[in-house]
There are 2 protein chains.
Amino acid sequence: MARSAPHDRYILGVDLGGTNIVVGAMSVDGTREFGMHEIPTRAAMGADAVVERIVQLIERVAAETMAATGASRDALLGVGIGSPGPLDRERGLVIFTPNLGWRDFPLRDRVSEAVGLPATLDNDANCATLGEWWRGAAQGGRNVVGLTIGTGIGGGLILDGRLYHGASDVAGELGHATIDSTGRRCGCGNYGCLEAYASGPAIAERAREALAGGEPSSMPALVGGDLSRLTAALVYQAAREGDRLALEVVRETARLLGAGVANLLNIFNPDTVVLAGGVTQAGDALFEPMRAEVRRRAFKPAVDACRIVPGSLQGKAGVVGAIATFAQQQGLM
Amino acid sequence: MARSAPHDRYILGVDLGGTNIVVGAMSVDGTREFGMHEIPTRAAMGADAVVERIVQLIERVAAETMAATGASRDALLGVGIGSPGPLDRERGLVIFTPNLGWRDFPLRDRVSEAVGLPATLDNDANCATLGEWWRGAAQGGRNVVGLTIGTGIGGGLILDGRLYHGASDVAGELGHATIDSTGRRCGCGNYGCLEAYASGPAIAERAREALAGGEPSSMPALVGGDLSRLTAALVYQAAREGDRLALEVVRETARLLGAGVANLLNIFNPDTVVLAGGVTQAGDALFEPMRAEVRRRAFKPAVDACRIVPGSLQGKAGVVGAIATFAQQQGLM
């Protein structure tokens with residue numbers, strides 16, 4: 001049988017997150033997309049139940065892909081899996097996930113055996129960056145730094161056109177680059193990590209601290225007076241509605257992210273920095289002052305060489321990138 | 001004529017610094033070494049006079065190499081040049097050097113034309129890192145982060161076995177990664193750069209600040225009471241002699257460098273960090289507390305994967321690396 005053309009062969013992708021699993025498929029050339037179905041994950045489910053859900057969802061997307069294209073199962077080349085880390089890529093192990101409580105779990109092989117297809121495993125933030133590079137806002141970049149900012153801050157590095165993994169697959173922990181070595185304690189044990197200032201929970205925490213001064217603000221009313229319910233999304237909402245204190249928190253977030261991104265420009269001299277995740281949804285209100293802070297701090301030749309853009313794939317970046325990691329690791333791109 | 005064996009072919013190297021020019025030659029396989037002569041540079045000399053000195057020294061080393069080996073001029077393959085940056089590698093230009101006052105100076109072609117050999121140009125800190133990787137303390141590394149700490153702090157990155165240059169040849173400005181974004185003003189205009197804390201002049205400045213408290217110390221006597229003459233080397237001398245205040249400055253330097261190196265571990269997950277330059281001469285008194293600070297701050301899988309070592313080539317790292325950049329850019333290694 002002649003080998004099919006790239007648009008007639010398909011790769012499945014899994015984005016495993018602490019709260020959701022997203023599964024989809026794409027043609028090898030990236031022009032066609034199937035599935036992108038989402039279901040909740042819960043730590044309490046246990047690893048076996050999570051694998052079962054992933055496998056069911058893969059089978060559903062596989063069936064949909066074959067139905068939509070008339071392709072046979074042979075046209076499905078394999079599964080790229082993105083997972084929170086740290087990971088052992090070579091052995092396909094999830095070494096540890098705080099959110100799911102796994103240790104040394106052979107996720108790649110468990111999924112591969114259940115669906116009867118080859119599989120690859122890579123870090124979720126690496127996948128998101130590769131996804132934006134392949135089909136999203138970072139297309140055309142050769143040296144790309146990606147930040148995914150949500151509950152935590154993940155990083156991905158594409159250097160000289162390929163994902164960079166480091167000596168033991170834990171490179172790119174950009175949320176744990178220090179911006180103030182005597183500053184806020186971070187969940188990782190270090191002090192002053194970018195994540196301790198600019199992740200979603202850190203933004204809510206800084207807003208609570210700002211409110212403690214007693215200045216009038218619409219934020220307490222948004223959470224019925226229970227400030228523990230305050231989120232970055234609500235801070236953004238208050239800022240959009242003109243709340244002065246919330247606006248200050250957003251501007252401060254831009255300044256802090258700008259300091260972190262300026263660092264990355266001086267270190268990597270990238271052509272593209274792509275920022276994705278919930279925290280970047282504030283749009284120009286965040287990006288404009290952040291870019292100004294980067295210009296103020298980073299070397300001019302590095303600033304001149306780099307565009308700083310929001311991701312364009314939204315919740316799909318991880319799956320698209322998981323598919324791309326499979327393609328890259330199998331020499332298909 | 002049959003092509004000679006690698007140990008019968010030679011590459012010349014130039015390390016252009018703000019205070020010295022070092023020139024040497026090595027066999028392509030790195031086993032034999034010639035020259036390594038040093039002469040002073042002075043900004044007041046002007047670019048033409050500097051080029052003239054470089055060319056004279058190259059001719060001297062070329063003659064010595066041929067005399068020592070019996071090789072003909074054909075066996076001299078070319079000249080690798082390391083220079084302070086920023087540079088335009090492709091066009092062979094020194095875009096700007098604060099110490100020499102050059103702008104857009106075509107150093108590579110000026111040298112190449114004068115000696116009648118092909119030449120390459122790369123950043124001095126890149127060269128020092130590549131030198132330590134080829135023949136020094138970082139041998140065997142695949143992902144190597146190099147810091148050269150003297151008047152300033154330069155950085156070099158070897159990622160997946162090759163020098164990483166970034167989008168416009170200014171990657172690796174590791175001295176200008178922030179460790180405290182609201183901290184000390186740096187010469188580069190940013191705040192809290194590692195260089196503003198741990199370069200030679202910054203160490204002397206911190207020692208002067210420590211002395212301002214009026215505690216007894218042997219340091220003022222070392223400079224005849226003129227604290228403006230205090231240097232990092234004298235702080236180290238006082239520390240070796242047991243001066244309490246000087247010891248504190250050294251330990252604080254180790255802590256600050258440790259914070260910076262921990263950052264680099266979380267970002268790059270290197271197998272090797274090599275630190276060279278005058279400031280690293282303090283040996284274990286600096287390295288032991290620095291390694292402890294790195295262990296305290298960086299992710300364990302990154303710490304476990306990485307050795308942190310002093311450079312072993314001393315003043316030769318830059319020349320050896322300039323020779324290696326020529327070899328690497330010409331596909332000889």
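Visitor: Thanks! How many residues of chain A are in contact with chain B?

Guide: Welcome! Please keep in mind that this is a predicted model. Between them, chain A and chain B bury about 3300 Å², with 51% given by carbon and sulfur atoms. Chain B brings 40 residues to this contact, and the number from chain A is 40.

Visitor: Which residues of chain A lose the most area to chain B?

Guide: Three residues stand out here, and together they make up 19% of what the chain A side buries. They are Tyr164(A), Ile267(A) and Arg297(A).

Visitor: How many salt bridges are counted between chain A and chain B?

Guide: Polar contacts do occur across this interface, where the rule finds 28 residue pairs. By class, the chain A side has 19 nonpolar, 13 polar and eight charged residues. Even so, the salt bridge count between chain A and chain B is zero.

Visitor: Which element gives the largest share of the side of chain A that touches chain B?

Guide: The elements giving two or more residues to that side are strand E10 (153-159), helix H8 (244-268), helix H9 (284-297) and helix H10 (300-304) of chain A. The largest share is six residues, and they come from H8(A).

Visitor: Now within one chain: which residues form the salt bridge between domain 1 and domain 2 of chain A?

Guide: The domain assignment gives domain 1 (6-132 + 316-329) and domain 2 (139-311) in chain A. These two domains bury about 1300 Å² between them, and their salt bridge count is one. Its closest N and O atoms are 3.1 Å apart, and the partners are Arg89(A) and Asp169(A).

Visitor: Which element gives the most to the side of domain 1 of chain A that touches domain 2?

Guide: Strand E5 (87-88), strand E8 (119-123), helix H3 (124-135) and helix H11 (317-329) of chain A each supply at least two residues to that side. The most, six residues, is given by H3(A).

Conventions:
Residues are numbered from 1 along each chain as its sequence is written. Chains are lettered from A and ligands numbered from 1 in the order in which they are written. This is a predicted model: local features need pLDDT of at least 70, side-chain atom pairs count only at pLDDT 80 or more; totals for chains, interfaces and linings use all residues. Side-chain values use heavy atoms; hydrogens and water are left out. Domain bounds come from an automatic or database domain assignment. Buried area is the accessible area (1.4 Å probe) that two parts lose on being put together, summed over both. A salt bridge is a side-chain nitrogen of Lys or Arg within 4 Å of a carboxyl oxygen of Asp or Glu. Helices (H or I, at least four residues) and strands (E, at least two) are DSSP runs, numbered from the N terminus. Contact means heavy atoms within 4.5 Å. A polar contact is a pair of N or O atoms within 3.5 Å; within protein, one must be able to donate a hydrogen and the other to accept it, and residues adjacent in sequence count only if both atoms are side-chain atoms. Ala, Val, Leu, Ile, Met, Phe, Trp, Tyr, Cys and Pro count as nonpolar, Asp, Glu, Lys and Arg as charged, and the others, Gly among them, as polar.
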